[in-house]
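Here's a quick look at one model, written for someone who likes cut-offs spelled out. Have the structure open as you read.

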Amino acid sequence: MDNVGNVRKKPVIRRLSDYKLASTLQNQVWQTLKSRISSQSLEISSVVDLGCGSGVNTFGLLDMFPDAQILGVDSDAPMMCYLNDQHEGCRFVVGDFGEWIAPGPVDMVVSSSALHWASDPEVALKCISGYLAEEGRVFLAIFGPKTYWEFQEICDALVKGRVEIPAKHFLPLTDWERLFELDFEIVWRDTWEDLAIFDSTLDILRMMHKTQTQGRGLVHWAPGLLRAFDAAYHARFGGVRISHEIGFYELRLRPGRSRRISE
Ligand SMILES: C[S@@+](CC[C@H](N)C(=O)[O-])C[C@H]1O[C@@H](n2cnc3c(N)ncnc32)[C@H](O)[C@@H]1O
């Protein structure tokens, strides 16, 4: 697998002031995935965008493959309903990573900044391999547990057990790679370690809220705690900074694992 891409530590250091909160990171992640997709001359007639959220990438995929059938899938029912009402050219359906199966073989599955939320990643990957066309490709950008780890460390020190960051439970990228190998070959991969510098803990909380990392329990913070967090951050990390660990992958089905649904 070592020949499929670089494992690259790429500390991208940014200040929040020139960094428009969560959507900037999500957009950067998508741009990386998109440039990989564009660099492949793929014959695509059907695309699924898994965990499509607001549909911004789904419409990007429509621009890239205007003749393809493009389907966005997300567990957020009101958002899917809204998108179906507002937009033409793509279709949106409600589905969970662990359950949703496409009605026919799909040439390309894309999932950007989303699949790490799957409650059972192995089942989610089985669902994909169940409907991916024989020559199909999967393009993923997933976050690992080294995302927000600094935040978790300070939470553990200051408010033991009261604030748990969901990223703590994200699967390590090496575990994802072991799961991929059950049904897929890794064609390409890249990894980022992104370091964002924030002006204050409050900015981090805003960011986490936007990225759906909604740190449960944050609302219960006592007055003065944010200040204590800031102080703890500065003492421990020399600034208010948050890491994101992101893995990018292109996968194809292993020989003999071709689609089951059309057979
Ligand atoms: C951070 S957003 C990314 C949205 C979009 N892919 C982007 O890059 O802008 C993650 C999305 O995954 C969806 N999601 C989370 N868990 C899910 C699940 N189990 N099944 C389907 N979608 C899920 C959320 O509703 C959300 O829209």
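A residue counts as near a molecule if its C-beta atom, placed from the backbone, lies within 6 Å of it. On that basis 19 residues surround the ligand, and the closest are G51, G53, S75, A114 and W117. Two or more shell residues come from each of α1 (21-39) and α2 (56-64); helices here are DSSP runs (H or I, at least four residues), strands likewise (E, at least two), numbered from the N terminus.

By class, the shell has seven nonpolar, nine polar and three charged residues. Ala, Val, Leu, Ile, Met, Phe, Trp, Tyr, Cys and Pro count as nonpolar, Asp, Glu, Lys and Arg as charged, and the others, Gly among them, as polar.

## Model and numbering

This is a predicted model: local features need pLDDT of at least 70, side-chain atom pairs count only at pLDDT 80 or more, and totals for chains, interfaces and linings use all residues. Residues are numbered from 1 along each chain as its sequence is written.

## A strand pair

Strands β3 (residues 69-74) and β4 (residues 90-94) pair in the parallel sense, with five bridges; pairing takes at least two DSSP bridges. Across the pair, L71 stands opposite R91 in β4.

## Two helices in contact

Helix α4 meets helix α6 through P121, E122, L125 and S129 on the α4 side and W176, L179, F180 and D183 on the α6 side, contact being C-beta atoms, placed from the backbone, within 7 Å. This contact has five nonpolar, one polar and two charged residues.
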